[in-house]
Structure formats: structure tokens, C-alpha cells
Amino acid sequence: MTPGVQGPVFAARRLSKRFGRTPVLRDVDLELERGRCHVLFGRNGAGKSTLLGVAATLLRPTSGELLYDGVPLSELDSSARARIGLVSHQSFVYADLTVRENLEFYARLYGNARDADELLDWADLSLRQSSTARSLSRGMLQRLAIARALVHEPQLLLLDEPFTGLDAPSAERLSDLLTNVKNAPGRETTILIATHDVERGVALADRVLLMEGGRIVFDATGASVDEVRRLLLKAHTL
Amino acid sequence: MKDVRKELRTKEIVSSMFVFAVLVLLVFNFSLALDETRALELGPGILWTAFIFAGTLGLNRSFAAERENQSLSGLMLAPTDRSAIYFGKLLSNLAFTLLMEAFVLPLFVVFFNLDLWEILPGTDLAWFGVVLLLGTLGYTALGTILAAVAANTTMRDVLLPMLLFSFAIPVVIAASEATRLLFDVDPLSGPRTWIVLLGGCSLSYLAVSWMVFEYVLEE
């Protein structure tokens with residue numbers, strides 16, 4: 001992925017993924033617009049996590065094509081992963097390393113990465129930088145996970161249900177952090193969030209997507225909370 | 001470095017490997033009551049049994065940190081060749097296993113009343129070092145990739161030993177035979193053939209493991 005390139009940051013064309021004989025993604029066509037926040041809704045088992053896993057290159061698609069800045073994944077080398085950040089159900093941090101050690105470890109993995117102090121301040125974890133990740137609350141761990149995902153300033157940030165398990169103040173804090181990422185001046189981070197939290201998702205979204213049965217069944221800008229709820233209910237009763 | 005730092009903090013892997021190896025030696029020592037001649041004959045096999053069992057314990061724990069918060073996925077996201085993860089894990093597993101062996105070997109000598117300087121004069125001691133290194137390398141090279149395979153299964157505690165003991169037979173036999181011939185004061189043949197076989201097996205395991213590791217991670 002290269003700066004200055006126009007067009008979608010990420011595109012999936014007729015993307016399918018099967019686990020054994022079970023299809024999870026079916027002919028998914030998706031384009032993520034540069035610098036926009038895309039929010040993906042869908043009930044459990046719709047394929048959201050799998051889609052994010054494939055987009056993050058953690059899972060190999062069964063068929064279809066993935067393009068990053070218009071270049072097929074098959075033509076890119078491992079350095080392309082430097083432009084992707086993922087926040088998953090699990091934090092990917094090491095429980096016995098401190099907050100600072102975790103960030104410094106991931107910064108070293110990515111080479112030219114952000115200063116740990118800056119990230120600690122941004123995630124409001126400076127006071128806990130010497131605490132092991134094991135000792136953190138769920139909310140702090142999630143902030144650390146996001147800081148870890150942003151340590152290398154990715155162009156594409158993928159978040160899989162980041163609000164799950166958070167109390168209201170922690171979720172609000174996380175929402176503010178994501179808004180800061182979205183609105184950061186001079187930085188066009190493209191975001192894709194999979195979430196069940198309709199209010200927060202719609203508040204963050206420039207574009208709303210709905211997934212059902214491994215397919216994208218709704219894709220629009222400016223959808224309201226009520227509209228998303230209606231669509232989710234409709235999908236649930238089908 | 002991350003694994004070393006964690007180990008310095010928790011002392012989980014090396015200490016448990018060491019204690020387990022010592023227990024294996026003690027069990028053999030009490031149950032067999034070997035005289036000096038029999039100790040030279042059976043000692044190499046007992047030593048490698050202790051190393052293999054303790055090594056398996058360490059290998060089983062080697063991916064525990066990555067399992068806890070799915071940190072392995074975090075490593076897979078890094079913009080490097082995924083085989084680098086294999087080599088990083090292999091180096092830490094090798095270091096921990098060699099450290100355990102360095103502590104266990106003197107105890108083995110004491111328990112079985114052996115004089116290593118007398119048994120391994122001149123270059124034999126250096127060759128023993130080579131056998132230890134190659135045997136440990138082969139075992140940990142194979143064990144690291146099998147530990148990655150077993151890490152995400154519910155039966156990892158049983159699966160790893162089952163797979164590892166089966167596939168590592170050539171390395172274990174070659175290492176213990178080479179050691180037995182080095183310990184033997186009047187061997188019928190030298191250990192060269194077994195050392196060459198050991199080196200070949202270890203390097204083969206290393207090469208194959210490196211090549212398939214990325215596919216193992218993704219599946």
C-alpha cells in the first residue's frame with residue numbers, strides 16, 4: 001500500500017471462505033474507502049470475524065481475490081502487513097510483560113514505529129506502564145490492544161467487536177479513542193469495525209454494512225440506529 | 001528476547017524441566033541400582049530419557065504465552081516472513097533446554113558415580129558436546145513445530161508427546177547410541193556413524209520444519 005494512491009484501501013472480490021465443508025463467507029464483494037470508518041453489523045455466526053481475519057491475512061481465503069491499494073495479495077510480500085492493524089477478541093499482548101514492554105516489543109516487530117511514551121499517553125496507560133498486562137482491567141487491556149494495533153500507524157485498522165465486555169465508561173472512552181483515530185489530522189486511517197453495539201457503531205460510521213449468512217446484505221452511508229435495528233431484526237427472523 | 005525476559009520473570013520453563021529431569025534420574029537411580037559397568041552401559045540411555053521427557057515438558061509450555069491472549073496471531077500480523085517466528089521460538093527452546101541439560105548433567109554424574117573426565121578423555125569430551133548439541137537441536141527443531149501444531153488443540157498435553165516421541169525416534173536413538181559409544185571404554189566401533197546420522201536427522205528436521213511452519217500457523 002502506498003500513500004498518494006487513490007481508490008479503495010482494501011477490496012474483496014467474490015471472497016469465499018470455508019472451514020471444512022462449512023461455508024462462512026460466500027462471494028463477498030467489498031471495498032473499503034480510503035480514510036472512512038466502516039461499521040459492520042450482523043448477528044453471531046454471520047461471518048464478521050472471519051471477514052476481518054481474512055482481511056488481516058490471518059486466514060487464507062478458499063476462493064476470491066483480495067486487493068490492497070489495488071494490488072492483489074498474491075503479488076505483495078510480507079511487508080504489506082505493515083499497513084494493517086487488527087484488534088481482535090483477544091488482545092494479542094503478553095500477559096507477563098508490562099504494558100510498556102508489550103508496546104516496545106510490537107514496535108520492534110514493525111521497525112519504524114511510534115514512540116511508546118506517546119502511545120501510552122494517548123491510550124491513558126502511562127500510570128500503568130510498569131504493570132503486567134495480566135493485572136489490567138478489561139477496559140485497560142482493550143486500550144492496550146488498540147495502542148498495540150496502532151504502534152506502526154497502519155493505513156487499515158480492523159476492529160472485531162472492540163466494545164465487548166466493557167462497562168459504559170470504558171466503552172465511551174474507547175469510542176473517543178476511535179473517534180480520535182478517525183479524525184486525526186493528516187492521517188487517512190481506514191477503519192472497519194465489527195460490532196453488536198448499534199448506537200456506538202452508527203455514531204462512528206461513515207458507512208454501515210450488514211452481514212448475514214456470509215454475505216454483505218446491506219451497504220449504505222448515513223443509516224440510522226433504528227434502521228440498523230430493523231435490518232438486524234429482519235435478518236434474525238429469516 | 002521476549003521469551004527470555006518472560007522466563008527470567010516467571011522461571012517457569014527451565015525450573016520445571018530441571019526438576020522433572022532430576023526426578024527421572026532419581027527414579028532410574030533408585031530402581032536400577034547400577035554398578036559402574038552397568039552405569040556406563042545404561043547411563044547414556046537414562047540421560048537422554050531424562051533430557052527428552054524434560055524437553056517435552058518445556059516444549060509444551062513454549063507456546064503457552066502465545067496461547068493466552070492469542071499473541072501468536074499478533075506475531076503473524078508482523079511484516080516479516082512467518083518462518084522468523086519459528087526460528088525465534090526454536091532459539092528460545094534450544095537455549096532453555098541446553099540450560100536445563102547443563103544443570104542436569106553434573107547431577108547425572110553424581111547420581112551414577114561416573115567420572116566424566118576419565119570416561120571422555122581428549123577429544124571425546126568435545127564430541128560428547130557435539131552429540132548433546134545436535135541431539136538437542138534435532139529434538140527441539142521437531143518439537144517446536146509440533147508444539148505449534150498442538151498448541152491450539154484441547155488434547156495438546158497428550159498430542160505433543162505422542163507426535164514428538166514417534167517422529168523423534170531417529171534422533172533419540174542416534175544420540176543415545178553415539179553417547180553410549182563415547183562412554184564405552186573399549187567400543188567395538190566409534191560413534192562417527194551415529195554422529196553423522198544424528199547431524200543429518202537434526203538438519204533435516206530443521207529444514208522441513210522451517211518450510212512448513214507458515215502453513216501450520218495458517219491452518
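Read along the sequence, chain B of this predicted model follows the pattern α-α-α-α-α-α-α-α-α-α-α, with eleven helices and zero strands in the chain. A compact globule of 219 residues would have a radius of gyration near 17 Å, and the 18 Å of chain B agrees with that expectation. Among contacts in chain B between residues at least 6 apart in sequence, 83% join residues at least 24 apart. Some overall values for chain B are gathered here.

| Property of chain B | Value |
|---|---|
| Radius of gyration | 18 Å |
| Box filled by the C-alpha atoms, along the principal axes | roughly 55 × 35 × 30 Å |
| Share of the 219 residues that count as buried | 43% |

Chain B also touches chain A, in a contact that takes 21 residues from chain A and 19 residues from chain B. On the side of chain A that touches chain B, β6 (84-87) and α2 (99-109) of chain A each supply at least two residues, and the residues of that side divide into 13 nonpolar, five polar and three charged.

In α5(A), the residues A:Leu174, A:Leu178 and A:Val181 are buried; seen down the helix axis, the buried residues of α5(A) fall within an arc of 50°, so they line one face of the helix. These buried residues pack against α4 (138-150), β7 (156-160), β8 (190-194) and α6 (198-204) of chain A, whereas A:Ala168, A:Pro169, A:Asp176, A:Asn180 and A:Asn183, on the other side of α5(A), are exposed.

Key
Residues numbered from 1 in each chain as written. Chains lettered and ligands numbered in written order. Predicted model: local features only at pLDDT ≥ 70, side-chain atom pairs only at ≥ 80, totals over all residues. Contact = placed C-beta atoms within 7 Å. Helix = DSSP H or I, 4+ residues; strand = E, 2+ residues; numbered from the N terminus. Nonpolar A, V, L, I, M, F, W, Y, C, P; charged D, E, K, R; others polar. Buried ≥ 20, exposed ≤ 12 C-beta atoms within 10 Å, placed from the backbone. Arc of directions from axis to C-beta. Rg over C-alpha atoms; globule rule 2.2 N^0.38 Å.
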